[in-house]
Amino acid sequence: MLPAEQIQAFADELYHALRHQKMLEPLTSRSPEMTIEDAYAISSGLLQKRIELDGEKVIGKKIGVTSKAVQNMLGVHQPDFGYLTDAMVVDESEELSLTTKMIQPRAEGEIAFVLKHDLTGPGVTASDVLRATDFVVPCFEIVDSRVKDWKIKIQDTVADNASCGYFLLGSQAADPRKLDLSTVGMVVELNGQVVSTGAGAAALGSSPVSCVVWLANTLGKFGVPLKAGEVILSGSLVPLQPVKAGDYMSVSIGGIGRTAVRFS
């Protein structure tokens, strides 16, 4: 385990990088002994600074690195989790300024779950997730990394709040109990051209529901519930897509709906 002062120093460093759009050398290159537990402690410290210094509020959680496509792209081969705050929300009618808000953004299409009941692990099942879900919506997560050139190990992305940036929820909603989320199809377009397709089974090789199960049970080990009213991002079904100012992306998910985001 890293000493407490090193954990705090890394949290401070990541917070400064986030606020000033700066890139850092990988944390693991400087502290190769860092464990996953250390990384989550750093992530927690980063979140506390955002809450205490900027007044941000936690409104959900996310699971990351769930599909083989993303795992192979990043060289990270296990899922992780991060926190969503109210400062990370992008409205469907809003342009997201990459030049003033992000460093090295990539966008991914996802299915977001909005909960009506708490989920507290361990022991959460797929049936529990479906009962606790109010509705699902199409979603874009625009991930970002404070680690230079995305040269991350799992500890780096965990410490960096699972490489969270911003997220956008579509206005079309569906009842997940009326869908087979393992077979739903996803199509992502960039500037009018299809750039990727995927299916629900890409999520942990099973279903986006399995991702929420993993998240609830993993967070349960830390004493953290998924709460009623929270947004839960279930992970990308397609490869990450680098984006730049002027790009327009849309995602369509069978049986759920469509949303889009424009970057400036």
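The backbone oxygen of Val238 sits 2.6 Å from a polar atom in the side chain of Ser236. Ser236 belongs to strand β10, residues 231-236 (helices are DSSP runs of H or I with at least four residues, strands are runs of E with at least two, and both are numbered from the N terminus). Ser236 counts as buried because its relative accessibility is 3% (buried means under 20% relative accessible area, exposed over 50%, partly exposed in between, with a 1.4 Å probe and protein chains only).

As the model is predicted, local features need pLDDT of at least 70 and side-chain atom pairs count only at pLDDT 80 or more, while totals for chains, interfaces and linings use all residues.

Now for the neighbours of β10. Strands of a sheet pair through backbone hydrogen bonds, either parallel or antiparallel. Strand β10 runs parallel to β1, and 3 bridges join them (two strands pair if DSSP finds at least two bridges between them). Within this pairing, Lys62 has Leu233 of β10 as its bridge partner. Strand β1, residues 58-64, also pairs with strand β2, residues 80-85, this time in the antiparallel sense and over 6 bridges. There, Ile63 stands opposite Phe81 in β2. Strand β1 is mostly covered, with 5 of its 7 residues buried.

Asn72 and Pro239 are 167 residues apart along the chain, yet their C-alpha atoms are separated by 9.2 Å.

Elsewhere, 5 strands make an open, mixed sheet in the order β4-β13-β12-β8-β9. The edges are β4 (95-96) and β9 (193-199); each has a single partner strand, so one side of each is left without a neighbour in the sheet. The partner of β9 is strand β8, residues 185-190, and the two pair in the antiparallel sense over 6 bridges. One of the bridges links Leu190 with Gln193 in β9.

What about the cysteines? The structure holds 0 disulfides (a disulfide is a pair of cysteine sulfur atoms within 2.5 Å). For Cys164, the nearest cysteine sulfur is that of Cys139, 11 Å away; Cys164 counts as buried, at 2% relative accessibility. For Cys211, the nearest cysteine sulfur is again that of Cys139, 13 Å away, and Cys211 is buried too, at 0% relative accessibility.

Zooming out, the chain has 8 helices and 13 strands. Of its 264 residues, 55% count as buried. Among contacts between residues at least 6 apart in sequence, 76% join residues at least 24 apart (contact means heavy atoms within 4.5 Å).

Terms used:
Residues numbered from 1 in each chain as written. Heavy atoms only, no water. Polar contact = N/O pair within 3.5 Å; in protein donor to acceptor, adjacent residues only side chain to side chain.
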